[in-house]
Amino acid sequence: MAKIIVNDIEINALEGENLLKVCLENDIYIPNLCYIKDMDIPSASCRICFVEMLDEKKIVSACTTQIKDGMVLRTDTEAVISLQKAGFKLLLSLHKVDCKNCPANRKCELQKIAKYLKVGLAQKETEKYLKPIDIDTAHPFIEYYPNRCILCGKCIYKCIEKNGKSNLAFAKRGFDTVITFYGEINCNTCNECINICPVSALCFKKKESFFA
């Protein structure tokens, strides 16, 4: 067992355990979007789960940090919050804010993080880099909203976990990156990718449109 201190709270955890997992399980919230509890190798794509290691005087991402005895950490220092806000605003530059018309409204991870960081989702000073297509309807059963998508990769992971291979993948690069589909495995009944999406970027089509 290892003993660590987070925000002046003493926690006992297994040596080598994931830091973000341990903090969340001990009711210490750290903003995160791409983390999945059982993922062996975290993707670390959202870049907002920062914590400050006071004992080593450095800032690290919690999802890629393993527990070791004697760690002393804070999740709320000025430097940590500043980095989290910067990363969050970058995500918002790719996100179309239309909460009232979004199925994720009031259960959206972006709303939760915005409240925690005390920043508004409608960042007027943030330049937007939205995709030209707002809704991709090419898939026979699923609608994809590129301008809601935060590219966390959770849908890809869950598809692999459920089906042994993924019918989803990242396509293109930089600000143009999107999720793309290929093949179909129970996509009319499997809802793993839809359920895991933190922003409702993936939604089932209405049944009457399946064969339109």
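This is a predicted model: local features need pLDDT of at least 70, side-chain atom pairs count only at pLDDT 80 or more; totals for chains, interfaces and linings use all residues.
Local features are reported at pLDDT of at least 70 and side-chain atom pairs at pLDDT 80 or more, while totals for chains, interfaces and linings use all residues. Residues are numbered from 1 along each chain as its sequence is written, and side-chain values use heavy atoms, without hydrogens and water.

**Interior**

Thr 75 lies in the loop between strand E5 (72-74) and helix H2 (78-92). Thr 75 has a relative accessible area of 3% and is therefore buried (under 20%; exposed is over 50%, partly exposed in between; 1.4 Å probe, protein chains only). Beyond four places in sequence, the contacts of Thr 75 (heavy atoms within 4.5 Å) include Ile 28, Ile 30 and Tyr 116.

**Surface patch**

Leu 90, Tyr 129 and Phe 175 form a nonpolar surface patch with about 280 Å² of accessible area together. Patch residues have over 30% relative accessible area and no salt bridge; nonpolar side chains (Val, Leu, Ile, Met, Phe, Trp, Tyr) are joined within 5 Å, like charges within 9 Å. Tyr 129, in the loop between H3 and E6, is partly exposed at 32% relative accessibility.

**Salt bridges**

The structure holds 10 salt bridges (a side-chain nitrogen of Lys or Arg within 4 Å of a carboxyl oxygen of Asp or Glu).

| Pair | Closest N and O atoms |
|---|---|
| Glu 10 and Lys 3 | 3.7 Å |
| Lys 37 and Glu 25 | 3.4 Å |
| Glu 161 and Lys 158 | 2.6 Å |

Lys 37, in the loop between helix H1 (19-25) and strand E3 (50-53), and Glu 25, in helix H1, are 12 residues apart. Glu 161 and Lys 158 are 3 residues apart in helix H4, so about one helical turn separates them. Glu 161 is partly exposed at 44%, whereas Lys 158 is buried at 16% relative accessible area. Salt bridges with shared partners join Glu 17, Lys 21, Glu 25 and Lys 37 into one network.

Definitions and conventions:
Helices (H or I, at least four residues) and strands (E, at least two) are DSSP runs, numbered from the N terminus. Accessible areas come from the Shrake-Rupley method with a 1.4 Å probe; for residues, only the protein chains shown count as cover.
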